[in-house]
Amino acid sequence: MTGAFADQTGPHLRKAREKRPIGTLFVITYYAGIVLRWVAVIMVIPALVSALSGEWSVVPDFLIGAGVALVGGSTLVLLCRTAPSRVYWSQGMLTVAVSWLLSMIVCAVPSWLSGHYLSFVDACFDVMSGFTTTGLVLIQDLDHVSDGLNTWRHLLSYLGGQGMIVLALSFLAHGFPGLYTLYVGEGKDERLLPSMWRTARAIWFISVVYLLVGTGAFAVATRQAGLSAYRGLLHAFWLFMSAWSTGGFAPQSQSILFYHSRIVEAVALVVFVLGSLNFGLHYAVWSGNRREVTRNLEIRSFLVTSAILTLISLAALKVSGVYSTGEVLFRKGVFHLLSAHTTTGFMTIYPSMLVVSWPALAMFCVVLAQLLGGSASSTAGGFKGVRVGIAAKTVVHELRRLLLPESAVVVTRFHFFRDHVLGDRQARAALLVIFLYTVTVSVTAVANLAAGYPLQESLFEAASVTGNVGLTAGLTSASMPLGLKLHYILVMWSGRLEFMAVLVLVGYLIHRRRLPQ
Amino acid sequence: MPGSRRDTLPPAQAAKNVRRKGTASRTDWRRTAVGSITGMATEAASVILYLIGLAVVSLVVAHL
């Protein structure tokens, strides 16, 4: 082993370690500690941006945050003393769930110190919203936030979207035993290459290449929109990170509407649709397998659902007379539908307009799109295209079984990077996650209603927060009840981790001694 | 290792092998770069085509 896992103990201790299985708490502590150390390193980036922008009063916020992360992370690693030689599935899941929560608390320190949040919980809310690529915000006076804090907010989105635990461990701990368990725990399951370490590097290679190209495209667009070269470049950097990670954070309170630019909207559309695609698909296309674009079940599922929902919502908007010309229908109707479907959350209208002007049918289409979400193993949230595709195939499969004679053998195939035969296990796994999302949306909608919000807005916001979308009907604000803020944090966290890691954590807390390995 | 092929290779052949190794590495990088550019172009073109399709749908709906 190399890097942070370099075994500095003697052979006798190494042997003892191999014989003695390390407890779950130690595994979590050790890896969470490493993740926190990595968070400390990342905080240097916004500090540098602050320094470049001459915001010297902001730099200490990040240095204090980095100090807290470094001390906290090192303490956790020291408490564990030795690196685990093996990580079980349940331990990997628990590590992800706990690391995300600890990282949220530590990452909220510089945000809170900025003075733009009414409370530490509000700062935690925004950090979790960033990590989970949701995009809902409680920040105060967003239009006058420092460049450093804006970089920090968007960076959290970018890192959270790619999978921050896997990133931290793949770069700091090359060759450590349980990377795949953490990869799955973070809601990704498509292994691009045989080695997890290489898979993580491939994901980061794709993301960084797109970062360079996408930031360039946004820089041209923001320059055309009238921003100065330096400010335009900063906005381009932030917008790309947010769009690629389907995060929805924007440097201005009016989101994309601020730019009043067709080119910015067009670049944003292309980037967030690309960001919502499966990393496996990016890798396949980049490796020369271009046919995967047309054959992949997930792409077909996305094309069908987005086309149907777009058509219905555009018809509803046209009939209601909200937008009349083709250009406005595209820039408002299609933009929001795709922003919802890719779980990005960028807006080109005010949230209040969404509630007041949009017809109920168009709103319903957006709610549905928010739930369907983007692709699996991408930065997007929601049910994910592959699960929607499998659920649809399962329905057709069952219908065929009912209609054909009992002796007939019904086989349903689909293509998802390779040819598959639809089995009970795949159908069960897809339907389970869809069921859990639906239950969580219902519970969140009930919580919103209990807090006194109207039904339509409650449903819209519940779908947005559960699907990690970030579109808002105006409910999410610093004035919302504390209990609802905490509930939203939990929902964003569990929705992004696709419930499994969180359910394992709940199981661990209830039956601590009976954890399945 | 003494007596192995590497040990008995003439210096000119050994130098050629080293050059080949270097060429292979450069080829890998070139392949990665070409793959990235064509891959990105394919993906971006697919998305833009799809968006153009939706823009046409918007125009049709607006004129109905």
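My notes follow in the order in which I looked things up.

I am working with a predicted model, in which local features need pLDDT of at least 70, side-chain atom pairs count only at pLDDT 80 or more, and totals for chains, interfaces and linings use all residues. Residues are numbered from 1 along each chain as its sequence is written, while chains are lettered from A and ligands numbered from 1 in the order in which they are written.

I first counted 23 helices and 2 strands in chain A, taking helices (H or I, at least four residues) and strands (E, at least two) as DSSP runs numbered from the N terminus. Of the 517 residues in chain A, 55% are buried, that is, with 20 or more other C-beta atoms, placed from the backbone, within 10 Å of their own.

I then turned to helix α20 of chain A, residues 424-450, whose end C-alpha atoms are 38 Å apart; this agrees with the 39 Å that its 27 residues should span at 1.5 Å a residue, the expected span being 1.5 Å times one less than the number of residues. Among the buried residues of α20(A) I noted A:Y437, A:T444 and A:N448, and the buried residues of this helix pack against α18, α19, α21 and α22 of chain A. Just after α20(A), A:G452 takes a positive phi of about 100°.

Finally I looked at the chain pair, where 18 residues of chain B are in contact with 25 residues of chain A, contact meaning C-beta atoms, placed from the backbone, within 7 Å.

Note on methods
Contact = placed C-beta atoms within 7 Å. Buried ≥ 20, exposed ≤ 12 C-beta atoms within 10 Å, placed from the backbone.
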